[in-house]
Amino acid sequence: MTRVQISAAEFEQLYRATAGEVHGYLRRRVGDDAADLLSEVYVVAWRRRGDLPGEDLRRAWLYGVARRLLLSHHRGVARTAEAERSVAPPVDDDGERAEGRAAIVREALAALSESDRELIQLTEWEGLSASEAALTIGIKPGTARVRLHRARGRLAADPRLRALVGAELTGRRPEA
């Protein structure tokens, strides 16, 4: 992988070309904290601008930085949530229809391994190629393609997801 030190102007161009996509990736995973994480992604990129890969792989490299920052963020959120659970009573959710559908998708994704789940999200939600997603999570492109194929198969076989998709297509409510 060729690494090149980029100028401030080239860095600005990289930011303008990729910040919207990276922000969307972060926002879909952390909501309101996305802007702060986006800033951190580009601070890391600026500090490591001598380590940036060639132009064709920079987008995937930025997603990799964002992913590592997300993992760190999620660990912090989990610690905070655990501390809050220890002092706060549980809150009941009335389970609106949209939340129910989202819960089914989250559960189906949660059944996948962390790396398979991330492959699905990077390729389907972020529009990265399998090779770009592989670079993002640190595996070989061929491995990513095989894992992605198998993960898609597991999702397609999930009975609750199948019922949800069938219900969406026919306009009826999925069975609980």
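Visitor: Which backbone atom lies 2.8 Å from a polar atom of the side chain of Thr123?

Guide: The general idea is a polar contact, a pair of N or O atoms within 3.5 Å, where within protein one must be able to donate a hydrogen and the other to accept it, and where residues adjacent in sequence count only if both atoms are side-chain atoms. Here the backbone oxygen of Leu119 lies 2.8 Å from a polar atom of the Thr123 side chain. Please keep in mind that this is a predicted model, in which local features need pLDDT of at least 70 and side-chain atom pairs count only at pLDDT 80 or more, while totals for chains, interfaces and linings use all residues. Residues are numbered from 1 along each chain as its sequence is written, and side-chain values use heavy atoms, with hydrogens and water left out.

Visitor: Where does Thr123 lie, and is Thr123 buried or exposed?

Guide: Helices (H or I, at least four residues) and strands (E, at least two) are DSSP runs numbered from the N terminus, and Thr123 belongs to helix H5, residues 114–125. Buried means under 20% relative accessible area, exposed means over 50%, and partly exposed lies in between (1.4 Å probe, protein chains only); Thr123, with a relative accessible area of 10%, is therefore buried. Contact means heavy atoms within 4.5 Å, and, leaving aside neighbours within four places in sequence, Thr123 is in contact with Leu128, Ser129, Ala130, Ala133, Leu148 and Arg152.

Visitor: How many salt bridges are there?

Guide: A salt bridge is a side-chain nitrogen of Lys or Arg within 4 Å of a carboxyl oxygen of Asp or Glu, and by this rule the count comes to ten. One of them joins Glu21 and Arg59, whose closest N and O atoms are 2.8 Å apart. Because Glu21 lies in helix H1 (residues 8–30) and Arg59 in helix H3 (residues 58–85), this pair ties together parts that are 38 residues apart in sequence.

Visitor: Which residue meets Arg59 in a salt bridge of 3.1 Å, N to O?

Guide: That residue is Glu132, whose side chain meets that of Arg59 at this distance. Since Arg59 lies in helix H3 and Glu132 in helix H6, the pair ties together parts 73 residues apart in sequence. As for accessibility, Glu21 counts as partly exposed at 35%, whereas Glu132 is buried at 16%.

Visitor: How many aromatic pairs are there?

Guide: Rings of Phe, Tyr and Trp (its six-membered ring) pair if their centres lie within 6.5 Å, and planes under 30 degrees apart count as stacked, over 60 as edge-to-face and the rest as tilted; by this rule there are four aromatic pairs. The rings of Phe11 and Trp46 have centres 5.1 Å apart and planes at 75°, so this pair is edge-to-face. The pair links distant parts of the chain, with Phe11 in helix H1 and Trp46 in helix H2 (residues 34–47), 35 residues apart. Phe11 is buried at 10% relative accessibility, while Trp46 is partly exposed at 34%.
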